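Reader: I would like to go through some of the labels used for this structure and see what each one rests on. Please set the values against the cut-offs.

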Amino acid sequence: MLRQYELVERVKTYEPGADEDALNRAYVFSMRAHGTQKRASGDPYFSHPVEVAGLLSEKRLDCASIITGLLHDTVEDTDTTVEQIDQLFGSEISLLVDGVTKLSQLELQSDRSKQAENFRKLVLAMSQDIRVLVVKLADRLHNMRTLHFIKAAEKRRRIARETMDIYVPLTERIGIRDWKEELEDLAFQELNPDARASIITRLDFLRAEGGDLIGRVRKSLADLMAAESIACEVSGREKSPYSIWRKMQRQNVGFEQLSDIMAFRVVVDSVADCYRALGVIHGAYSSVPGRFKDYISLPKPNGYRSLHTGVIGPENQRIEIQIRTREMHEIAELGVAAHWRYKDVGGRADAPITEGRQYKWLRELLEILENAAGPEDFLEHTKMEMFADQVFVFTPKGDLFALPRGSTPVDFAYAVHTDIGDRCTAARINGRIMPLRTQLRNGDQIEVVTSKAQTPSPSWESFVVTGKARACIRRFIRSQQREQYLRLGREIVEKIFHQTNYELTEKALKGVLNRFRAESVDDLYVAVGEGRHTGRDVLYAVYPGAKDALAPARKGKAKGPSESPAARDDGKGSVPLRGLIPNMAVHYAKCCHPLPGDRIVGIVTTGKGVTIHTVDCPTLESFSDMPERWLDVGWEEGAEERNAFTGRIKAVLSNEPGALAALTSVIGRDGGNIINLKFTDRSEDFFDLLVDIEVKDVRQLSNIIAALRASPLVNSVERAQSG
């Protein structure tokens with residue numbers, strides 16, 4: 001464990017003006033606060049905050065960060081309060097400690113929603129001060145180093161999975177390479193110990209066979225640079241076990257097929273020397289196609305800059321070489337911590353550390369947070385955002401955007417601005433109008449065409465890949481759906497109260513909001529419209545006695561499909577369908593394909609609103625014991641004139657030339673439009689098929705069926721109920 005004077009001296013080596021008194025007081029305060037507490041390893045608990053402070057000092061973090069590392073668990077695990085921290089150490093330290101504490105308190109819960117809420121709070125805290133994240137990562141790193149002391153295997157795996165899913169990509173984003181690799185390796189050791197052990201065994205074997213191969217290759221590269229009078233430092237290392245395993249998985253190859261398990265670094269004096277060194281290396285060795293990447297002209301989002309190339313190098317070894325300047329190397333190793341040394345963020349000594357191009361990803365996470373429905377939605381989008389490989393594209397003015405691989409013009413439009421994404425109608429890629437679902441490639445120039453009348457399409461969600469685009473599209477869909485669910489839910493509740501002769505008042509509904517975890521009466525109606533609660537649930541909550549009063553009436557009278565309220569063709573109480581957004585709040589069942597003219601029933605479906613079935617659909621049998629989910633619905637007058645609907649027929653044709661042509665001709669002659677056709681069986685004499693036909697109503701479909709039955713090549717035809 002790092003001693004008090006050792007920690008203070010280490011900090012003063014890189015920050016001579018550090019507040020030595022505050023460091024000493026924080027060390028003693030933390031030691032006394034934790035007292036006799038023990039960790040799972042049996043060590044004094046105080047050893048943990050000291051090790052966290054030590055990790056931060058290795059990265060040369062400022063004095064406030066070191067003090068936060070010492071105090072980060074005092075509020076959570078002792079009787080210390082944030083107010084006490086504020087009085088003793090000032091507001092800056094208390095805010096940092098409070099930011100880390102709020103995260104740690106939620107980490108004790110294993111529930112996914114708690115993990116998601118934890119991550120949401122982390123993003124909010126680090127947007128205020130990125131040092132909260134750095135302290136949290138140091139805390140996680142030391143906890144991972146001692147993970148093996150936790151006895152519960154399931155808890156170890158949960159912590160390792162959370163580390164791999166959240167903290168590893170965050171560490172990569174702020175550019176602290178060695179922390180990232182160690183977190184990866186420690187999590188890999190817990191999640192897949194057999195694979196890790198196998199890779200380490202093979203690496204040991206290669207070292208035994210090849211001797212000091214890395215040393216020999218390093219010397220050859222150094223001699224090559226010296227011969228061209230390029231001053232540099234050359235180092236080499238094996239890639240980490242997890243990096244090797246991930247490459248094996250990504251390329252679907254075995255260990256023996258990997259030839260570039262060694263990486264070498266050439267550190268030079270200037271950017272010009274970087275490109276000179278690259279030319280020398282490519283002149284001396286054969287380059288591997290597709291392995292050159294220029295991160296100097298196109299830096300990574302975390303500010304990382306370097307040249308990467310793959311060559312068949314000395315001793316015919318396939319190796320990876322990174323070429324960078326000393327300043328680039330410092331930023332590559334220390335990441336965000338390097339900015340405390342260079343003080344060049346935004347060109348001002350007092351500029352916030354979250355400013356600048358390298359923190360664009362953090363601002364994007366905040367935008368996703370604004371549009372996400374909840375913590376779990378946010379967690380899903382941000383995982384997707386952080387793990388993706390990148391593609392670099394340009395605006396017509398030459399501005400650069402880095403997007404996840406597989407991005408489309410819609411992703412690009414939302415990356416430029418949310419309003420441009422919402423109003424996107426088309427895109428020109430390299431001057432040509434292309435579909436919005438086109439995947440972008442490196443170097444593409446994108447021009448987005450917008451219209452004030454355009455709104456996000458639900459279909460976009462099926463092909464966008466960025467978290468921001470998906471969150472914005474879902475936010476729009478939610479806002480549109482809410483009004484529909486609100487109207488539907490109100491109809492459902494009013495109907496059940498009217499049918500049972502109970503009075504419905506807003507005051508009564510407000511009295512039961514807490515039971516349904518709703519903030520307003522409208523929220524309760526929306527929940528009913530979505531199918532999360534039923535009208536009968538609301539009735540019983542307002543009038544508990546109604547359950548007993550209605551039970552005898554329901555007993556023995558459960559309504560099946562033939563007795564459902566919707567089966568009464570009296571036209572009263574029908575829920576109007578006009579105004580609903582297609583494929584959002586109302587859905588037409590694919591099991592029976594209802595058409596105008598059919599007698600129909602609506603079933604409240606969780607998360608979808610209402611699904612419309614024909615009253616004789618076999619699927620309705622499964623809802624016979626849930627009458628509260630049945631709704632009276634009817635077709636609007638003139639619905640068949642404004643919309644096209646899909647009807648399905650099942651036909652058996654003679655296996656003769658021209659039979660299929662005869663079927664399609666009859667359908668086309670009667671005004672039907674075939675939108676799908678599927679062969680289900682074929683024999684020597686006949687073949688069966690299902691045909692989906694766009695028609696106006698059930699009468700048109702009946703006319704088509706009658707015409708087909710008159711054809712000599714059609715053996716039989718009927719309307720399909722399922723399949």
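Reader: Which residues form one aromatic cluster with Trp245?

Author: The model is a predicted one. In it, Phe188 and Tyr242 form one aromatic cluster with Trp245. Across the structure there are ten aromatic pairs.

Reader: Why is the pair of Phe188 and Tyr242 called edge-to-face?

Author: Two values decide the label. Ring centres must lie within 6.5 Å for a pair, and planes over 60 degrees apart count as edge-to-face. The centres of Phe188 and Tyr242 are 5.4 Å apart and their planes stand at 70°, so the pair is edge-to-face. Phe188 belongs to helix 11 and Tyr242 to helix 14, 54 residues apart, and the pair thus links distant parts of the chain. Both residues are buried.

Reader: What makes Tyr588 and Phe645 an edge-to-face pair?

Author: The cut-offs are again centres within 6.5 Å and planes over 60 degrees apart. For Tyr588 and Phe645 the values are 5.7 Å centre to centre and 85° between the planes, and the pair is edge-to-face. This pair, too, links distant parts of the chain, with Tyr588 in strand 12 and Phe645 in strand 16, 57 residues apart.

Reader: Why does Tyr588 count as partly exposed, and why does Phe645 count as buried?

Author: Buried means under 20% relative accessible area and exposed means over 50%, with partly exposed in between. Tyr588 has 38% relative accessibility and therefore counts as partly exposed. Phe645, at 6%, counts as buried.

Reader: How do you know that the buried residues of helix 28 line one face of the helix?

Author: The buried residues in helix 28 are Ala659, Leu663, Val666 and Ile667. Seen down the helix axis, they fall within an arc of 100°, so they line one face. As a general point, an α-helix has 3.6 residues a turn, so residues three or four places apart point the same way.

Reader: What covers the buried residues of helix 28?

Author: The cover includes strand 16, strand 17, strand 18 and helix 29. Just after helix 28, Gly671 takes a positive phi of about 85°.

Reader: What makes Arg682 a charge over the ring of Phe687?

Author: The distance cut-off for Arg is CZ within 6 Å of the ring centre, and there is also a limit of 35 degrees from the ring normal. Arg682 lies over the face of Phe687, at 5.7 Å from the ring centre. Likewise, the charged end of Arg39 sits over the ring of Tyr45, 5.8 Å from its centre.

Methods. Residues numbered from 1 in each chain as written. Predicted model: local features only at pLDDT ≥ 70, side-chain atom pairs only at ≥ 80, totals over all residues. Heavy atoms only, no water. Buried < 20%, exposed > 50% of the residue type's maximum accessible area, 1.4 Å probe, protein only. Helix = DSSP H or I, 4+ residues; strand = E, 2+ residues; numbered from the N terminus. Arc of directions from axis to C-beta. Contact = heavy atoms within 4.5 Å. Phe/Tyr/Trp six-rings, centres within 6.5 Å; stacked < 30°, edge-to-face > 60°.
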